[in-house]
Amino acid sequence: MKIKLINISVSALLVILLSFSLTKAQAADQCIKCHLDLDDNHAKLFKTDVHFSKGISCAGCHGGDATSDDMDIAMSKEKGFIGVPSRVNRYEVCVNCHVDENKMKRYGSNIPTDQYENLKISIHFQPTFNNEGPIADCVTCHSVHDIKDVKDPASKVYPTKIVELCGSCHSSAEFMKQYNPGLPIDQVSKYRTSVHGHLNSKGDPNAAECASCHGSHEIFAVKDSRSLVYATNIPSVCSKCHSDAKLMAKYKIPTNQYANYVKSVHGVALLEKGDLSSPSCNDCHGNHGAVPPGVESISKVCGTCHVLNMELFEESPHKKAFDEHNYPECESCHGNHLVEPATDAMVGTQKPAVCVNCHSNEKNTKGFIVAGKMKTLIDSLKTEDSETKSILNEASQKGMDVSDATFSLKDVRQVLIQSRTTIHAFDLDKFKAQIDDGFNIVSKAKLSGEEAIDDYYYRRIGLGFSTVIVTLLVIGLYFKLRKLEKKS
Amino acid sequence: MEEKNTKAKGKLLSWLDERYDISGLIEFAKKKSVPKFRETIWYYFGGVALLLFVVQVISGILLLMYYKGTEDLAYESVKFISTKVSFGWLIRSVHSWSANLMVLAVFIHMFSVYFLKGFRKPRELTWYTGFGLLAISMAFGFSGYLLPWNELAFFATKVGTDIVGQVPLIGEPLLKLLRGGTDVTGATLSRFFGFHVAIFPGIFIILLTLHLLMIQRQGIAEPDDYKNLPPAEKKTIPFFPNFAMRELLIWLIVINILAILAVFFPWELGTKADPFSSAPVGIKPEWYFLFMFQVFKFLPGEILFLPGELVGVLLFGIGVLLWAIVPVWDKKTAKGNKNRLLTYVGIFVIIFIIVFTILGFILD
């Protein structure tokens, strides 16, 4: 009984001590006390605010003396009371602490202190059309009085909530037309159709949302090369999650897309050569409505750039066969993320030709024969072209002008490029007609080269004859002269 | 048979003689003689220059049938001549090579006349017309160089006309007159084309006719060493047929050399002129302007408070003028005395030209 009494006493003492220590700071905050007494909603909200939990009083933002219960003193200008911060520069209230590492540590926070630096240069920080401060400042996204830790599911910027937050402006035609009338306003609705959007709707905080790709404070226009979603930056942005094996494990999707893409013809063109017309992840998968294209739409997706190839393929005998077997169209021969440069070796009857994946001497024979003929035609043209170049080079070395013929050979390159497109019709006659154009150019150029070489020798033979004739005349004249002078 | 030929020849001669007094001309030619001595060889270079001028006229007329003297078409037309026209390459190459050989022949002819003192009284006017012919030959070369409208010619013309612009007082208007504006443009090409095919040939023909008439009238000059020989020791060559045949023999050799040069070293066309591109490295004028060009390159920016190029133009101007009026200031030779200074000046000029031409070729 004695022991029980001691326990109760100690517990009571601890509770008293704890209550005293917890309310010491808050008890001194006369602002909240008074405003709660007045049934002020702001005060009520602030009690749930992360700042309140860190012991920051109303005066932390509004100024004044939080320790005084005299309203005239607590809210006097002499004590620094500013009232409701102006829309123009209210961010400065936040900046006061959030750029200062020491202050942040004092309140037990280790969040970064570069938000303002990032926000300052972002597109959101540009002034509003009527100069009422930045378009979006801290309050616009984080709200006021009920600010939560970003990891708190109740936070307005928590992954599952941020989409609606961004959409509150970006889905409003009324609002957006004030700043960028050309910018679509359907991002949120598209997002909700994407895999990311579905997962997000189900409450998955790991699914990509607006900030995952666009960034949070450092947001730039898509066409600004500093933007995380600028064409050359997109692959690495996507790979942040998609190359993370641990993260992707639960979605059961591979993580080699980025590694493959950077080696692909598209990746090299975009990332190494800076060719912005080369597709990045979003060009095939979509951006806000990102989904892997279905087997049936692959040729359409590739066809957004490779229009002719798509049209020819759709009229080709392969279209029906691929549909029947549910083969992914372009991908079957070219691959997906690791699309290698299409070489002529892809056609033919021997590996690495992709035709042999389905055609052989025994199976699908017609296609096998056509592939062999196409390969022969394209190789013959290349050989003829190379031989003609040697002939023209020889003529040129001999000092003959073959610039026209040499220039005409540039068209052979064009024919070869076109034939590599025509091949997608998988029609031998069409392909042959194309290659024959090349043969015509080559044979004309070859003839010019051969004629130039013949002309070179003809000139020398002609010179030899004329030199001999003139020399004989000189000799004859010399003897005639000698005879004449001897006589005289 | 021989008798029949002689008869036919006689008939033709008498037919011509009846109409044109050919026998008088033959008699005149038979009486004409050329001194025969150690230096006779130099007498042939005037004839070589004449032959090459004739080659120039014939090949030039043939080129004119296809050449288009406009900024847009000049290069293409020369290319067409070189590649598509039958023997066009040969005609163009012969025209270019014979132009160079002609200037060389004129230079040799001038120096031989200078050293053999062929300019003295009473042949002063022959010298002046000859000097005029040299100047026009060089002007032919300068104007013709631009006509293919290739890169090298374009920039060389720019540099060349820039130098003309340095001539005191008349430099600026002269530059505008030559270029047809402040810069080398299509207007310059049209102008140079006009000079090359109309104005210069006209002046050249007048001067050449005067030059040849004076030679015919006064006979070939005899050098002092030959003139002072006793009459018995004075050897002569009959002008017709001996000297004429010798000249013909040399002409045939020159034609052979010309053909070999034209076939083995065809004149290159280069790339089309682009007025907006920067000047290529190694711009050089034709070899006969190279010594002047090289001297200008060596001149400092400023000499005695005067621009270096202006000093160069003045010095060259004075030098050329003194050379041109040698019959005026060379009093000693005129009186039949030897003038060693004259010989030394001539040797200095030749060495000067050769050294600076070589430097122009080997230095960038």
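Mentor: In this predicted model, helix α5(B) passes α6(B) in a left-handed crossing. The two helices, α5 (residues 88-115) and α6 (residues 124-146) of chain B, pack at an angle of about 155°, with their axes 10 Å apart. Because an angle over 145 degrees counts as roughly antiparallel, α5(B) is roughly antiparallel to α6(B). From α5(B), the contact is made by B:Ala99, B:Met102, B:Val103, B:Val106, B:Met110 and B:Val113. From α6(B), the residues in the contact are B:Trp127, B:Gly130, B:Leu133, B:Leu134, B:Ser137, B:Met138, B:Phe140, B:Gly141 and B:Gly144. By class, the contact of α5(B) with α6(B) has 11 nonpolar residues, four polar ones and no charged ones.

Helix α5(B) also packs with α16(B), at an angle of about 160° and with the axes 10 Å apart. That angle makes α5(B) roughly antiparallel to α16(B). This crossing, of α5(B) and α16(B), is left-handed. On the side of α5(B), the contact is made by B:Phe111, B:Tyr114 and B:Phe115, and on the side of α16(B) by B:Thr343, B:Gly346 and B:Ile350. The residues of the contact of α5(B) with α16(B) divide into four nonpolar, two polar and no charged.

Let us stay with α16(B) for a moment. This helix spans residues 340-362 of chain B, and B:Ile353 is found in it. Is B:Ile353 buried, exposed or partly exposed? There are 16 other C-beta atoms within 10 Å of B:Ile353, so the residue counts as partly exposed. A residue would need 20 or more such atoms to be buried.

B:Trp149 lies in the loop between α6 and α7 (151-164) of chain B. Its backbone deserves attention: B:Trp149 has a positive phi of about 55° although it is not a glycine. Most residues other than glycine have a negative phi, and most peptide bonds are trans. B:Trp149 counts as buried, because 27 C-beta neighbours lie inside 10 Å. B:Phe305 likewise has a positive phi, of about 65°, although it is not a glycine. B:Phe305 is found in the loop between β3 (302-303) and β4 (306-307) of chain B. With 5 other C-beta atoms within 10 Å, B:Phe305 is exposed, whereas B:Trp149 is buried.

The peptide bond from B:Phe240 to B:Pro241 is cis, with omega near 10°, and B:Pro241 is placed in helix α11 of chain B. In chain A, a cis peptide bond joins A:Lys351 and A:Pro352, with omega about 10°. A:Pro352 has its place in the loop between α24 (329-334) and α25 (365-397) of chain A.

Helix α11(B) leads us to the meeting of the two chains. There, 16 residues of chain B are in contact with 17 residues of chain A. On the side of chain B that touches chain A, α4 (74-83) and α11 (239-264) each supply at least two residues. The largest share of that side, 13 residues, comes from α11(B). The residues on this side of chain B divide into 11 nonpolar, four polar and one charged.

Chain B has 16 helices and four strands, and buried residues make up 30% of its 364 residues. Of the contacts in chain B between residues at least 6 apart in sequence, 76% join residues at least 24 apart. Chain A has 28 helices and zero strands, and 23% of its 488 residues count as buried. In chain A, residues 24 or more positions apart account for 53% of the contacts with a separation of 6 or more. One helix of chain A gives an example of burial: the buried residues of α7 (residues 91-98) of chain A are A:Tyr91, A:Cys94 and A:His98. Seen down the axis of α7(A), these residues fall within an arc of 65°, so they line one face of the helix. What covers the buried residues of α7(A) includes α8 (101-106), α9 (115-121) and α10 (138-142) of chain A.

Notes: Residues are numbered from 1 along each chain as its sequence is written. Chains are lettered from A and ligands numbered from 1 in the order in which they are written. This is a predicted model: local features need pLDDT of at least 70, side-chain atom pairs count only at pLDDT 80 or more; totals for chains, interfaces and linings use all residues. Two residues are in contact if their C-beta atoms, placed from the backbone, lie within 7 Å. Ala, Val, Leu, Ile, Met, Phe, Trp, Tyr, Cys and Pro count as nonpolar, Asp, Glu, Lys and Arg as charged, and the others, Gly among them, as polar. Axes are lines fitted to C-alpha atoms, for helices over the stretch in contact, and angles run from 0 to 180 degrees between N-to-C directions. Angles under 35 degrees count as roughly parallel, over 145 as roughly antiparallel, 65 to 115 as roughly perpendicular and the rest as oblique. A crossing is left-handed if the near helix is turned anticlockwise from the far one by less than a right angle, and right-handed if clockwise. A residue is buried if 20 or more other C-beta atoms lie within 10 Å of its own, exposed if 12 or fewer, and partly exposed in between; C-beta atoms are placed from the backbone. The arc is that of the directions from the helix axis to the C-beta atoms.
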